[in-house]
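Hi everyone, thanks for coming. I have one structure to share today, so let me put it up on the screen.

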Amino acid sequence: MALTLYVDTARWRAHHKHVQEQFPGLVPVCKGNGYGFGHERLAEEATRLGSDVLAVGTTYEAARIKDFFGGDLLVLTPYRRGEEPVPLPDRVVRSVSSVDGVYGLVGARVVIEVMSSMKRHGISEQDLPQLHAAIENVRLEGFAIHLPLDRTDGSDAVEEVIGWMDRLRAARLPLHTMFVSHLKADELARLQQQFPQTRFRARIGTRLWLGDHEATEYRGAVLDVTRVAKGERFGYRQQKAASDGFLVVVAGGTSHGVGLEAPKALHGVMPRAKGVARAGLATVNRNLAPFVWGGKQRWFAEPPHMQVSILFVPSDAPEPKVGDELVAHLRHTTTQFDRILDR
């Protein structure tokens, strides 16, 4: 019995086609845990879409994925001198975010990242005069800009890209291809219309693979159910049951990513209030589990174990049976399933 990722395959793939139609020249992104699906599966789906390029996070990911995808692989993490060399085929394209990095990749295929308002990495406007000499010894595949998700200052993503296009053009650098991230379809169309000689290619991961929430669902199988009375002790820490109910052992523990949560950027009063409430409940060992039973998200009876979680289901709820499956609201990018089933 397992933690299973169920995929409505027809619906999922229909969403992929819709995104591809919205973003001509789409470059699918497959990094991390493969957005919850795994590298091999996403490489297959990118091939099905007819993609000529697949973006990956690191050289280590490129080394694993090269056997599953026959097109070019664009490594998103920028090259740094002194990094561990990883044997890769010529169809791998490296991102570079410094002039020194360009000089360090003589003969290689490169995409040069420019510094966006994210201020994560990228070449600056002051670096542009030095690029002329640097790019003579590499095979330049284009430039790239990675944009922020939120624009709380009201700035325009398109204007930011236009600003860089103007700088690169003024520096007389080749502008045949610009890779972009986090643009809307209409924004990409505006850029393509304004710069018809440049091919804009959107690198998309989350929107492509996870954009249709109804196409996928995690479920954990019930392994055991034990009735407990109020005050009865249980678990590793021998806590007392707060009331009569059931201890439900369900597939899915910390090794699957259950109970692990990435920090969130909270905006507004209500989300912050909920965050404070959750933190307060955690101090008295009340932690909401991602598993749903009887129409309600249930509480962890104790912190999740490595491969299972123990939930507390009160006696006024339906009694789960061994073999039942509980829907689990899990973050794809931090979850490792036991199996994936297409339906």
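A word on the model before that. It is a predicted one, where local features need pLDDT of at least 70 and side-chain atom pairs count only at pLDDT 80 or more, while totals for chains, interfaces and linings use all residues. Residues are numbered from 1 along each chain as its sequence is written, and side-chain values use heavy atoms, with hydrogens and water left out.

So, the overview. The protein has nine helices and 18 strands; helices (H or I, at least four residues) and strands (E, at least two) are DSSP runs, numbered from the N terminus. Its C-alpha trace spans about 75 × 45 × 40 Å along the principal axes. Out of 343 residues, 46% count as buried. Buried here means under 20% relative accessible area, exposed means over 50%, and partly exposed is in between, with a 1.4 Å probe and protein chains only. Among contacts (heavy atoms within 4.5 Å) with a separation of 6 or more, 67% come from residues 24 or more positions apart.

Now, the salt bridges. How many salt bridges does a search of the whole structure find? The search gives 22, where a salt bridge is a side-chain nitrogen of Lys or Arg within 4 Å of a carboxyl oxygen of Asp or Glu.

In one of them, R94 meets E83 at 2.8 Å, N to O. R94 sits in strand β5 (residues 92-96) and E83 in the loop between β4 (72-75) and β5, so to speak two distant parts of the chain, eleven residues apart. R94 counts as buried at 11% relative accessibility, and E83 is partly exposed at 29%.

Next comes R227 with E319, where the closest N and O atoms are 3.6 Å apart. Because R227 lies in strand β10 (residues 216-228) and E319 in the loop between β16 (308-314) and β17, this pair ties together parts that are 92 residues apart in sequence. R227 is exposed, with a relative accessible area of 55%, while E319 is partly exposed at 33%.

E325 belongs to strand β17 and R339 to strand β18, so the bridge ties together parts 14 residues apart in sequence. Both partners are partly exposed: E325 at 25% relative accessibility and R339 at 37%.

There is also a network of salt bridges, linking R13, R41, E45, R48 and D342. That brings us to helix α2 (residues 39-48), where R41 and E45 are among the buried residues, along with H39, L42, A43 and A46. What covers the buried residues of α2? The cover includes α1 (9-22), β2 (27-30), β3 (53-56), α3 (59-65), α8 (206-210) and β18. After α2 comes G50, with a positive phi near 80°.

On to a helix pair. Two packed helices are described by the angle between their axes and the distance between the axes. Helix α6 (residues 157-170) packs against helix α7 (residues 185-194) at an angle of about 30°, with the axes 10 Å apart. The axes are lines fitted to C-alpha atoms, for helices over the stretch in contact, and angles run from 0 to 180 degrees between N-to-C directions. On the α6 side the contact is made by A157, V158, E159, V161 and I162, and on the α7 side by E187, R190, L191 and Q194.

Finally, two single residues. T335 lies in the loop between β17 (325-328) and β18 (339-342). Is T335 buried or exposed? T335 is buried, with a relative accessible area of 3%. Its side chain reaches the backbone oxygen of R331 at 2.6 Å, a polar contact, that is, a pair of N or O atoms within 3.5 Å; within protein, one must be able to donate a hydrogen and the other to accept it, and residues adjacent in sequence count only if both atoms are side-chain atoms. Leaving aside neighbours within four places in sequence, T335 is in contact with L3, N33, G36, Y218, H256 and L330.

The other residue is L140, in strand β7 (residues 139-146), which counts as buried at 16% relative accessibility. Not counting residues up to four places away in sequence, L140 touches V110, I112, I135, P174 and H176.

That's my tour; happy to take questions.
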